[in-house]
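Please read the following report alongside the sequence and the three-dimensional view.

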Amino acid sequence: MTTDSADPIKQLDTLRELISSSLEKAQVQKNVLKRKNDRYATASIILSVLATLLAGSAGIFGKAENWRATCLFAAICSAGVTVTTKLQTAEQLTEASECVGQLKALRIETVLPTYDLEKVSEKYQQILTEFSTVDC
């Protein structure tokens, strides 16, 4: 009789641990994506400002012998803006954030020992399936 009552408790604890582990992994991935996204956005802004300054200075202060080089550097900076903008991971960050939010909600749902193991387990599997690109 004790093994029957201990088994559901063990299953509940195991599910809680799985949810917490998945949540930690998803949060780590979200934080990594956020840092990368912030770096790319900063690089994009800096390169954009630099390209503008270079192009403007070539137009205002350019002499016949150096305006081509200045415009070339401005074009390279503009290309850098394009590349860093493309490297930004906004969609992945959004997906990771949604996954973290749903896992947090599920973890809160399992705080009370009266939760329905089958229902929560199904919801957990649904989250894992829905966010298969997120490492959780």
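Predicted model: local features only at pLDDT ≥ 70, side-chain atom pairs only at ≥ 80, totals over all residues.

Residues are numbered from 1 along each chain as its sequence is written, and side-chain values use heavy atoms, with hydrogens and water left out.

**Helix H2**

Helices are DSSP runs of H or I with at least four residues, numbered from the N terminus. Thr70, Ala74, Cys77, Gly80, Val81 and Thr84 of H2 are buried (under 20% relative accessible area, with exposed meaning over 50% and partly exposed in between, for a 1.4 Å probe and protein chains only). Seen down the axis of H2, these buried residues fall within an arc of 110°, so they line one face of the helix; the arc is that of the directions from the helix axis to the C-beta atoms. On the other side of H2, Arg68, Leu72, Ile76, Thr82 and Lys86 are exposed.

**Two residues**

| Residue | Relative accessible area | Class |
|---|---|---|
| Thr110 | 3% | buried |
| Ala75 | 44% | partly exposed |

Thr110 is placed in the loop between helix H3 (90-109) and helix H4 (117-130), and its side chain reaches the backbone oxygen of Arg107 at 2.8 Å. Ala75 belongs to helix H2, and its C-alpha atom is separated by 24 Å from that of Lys36, 39 residues apart along the chain.

Methods. Helix = DSSP H or I, 4+ residues; strand = E, 2+ residues; numbered from the N terminus. Polar contact = N/O pair within 3.5 Å; in protein donor to acceptor, adjacent residues only side chain to side chain.
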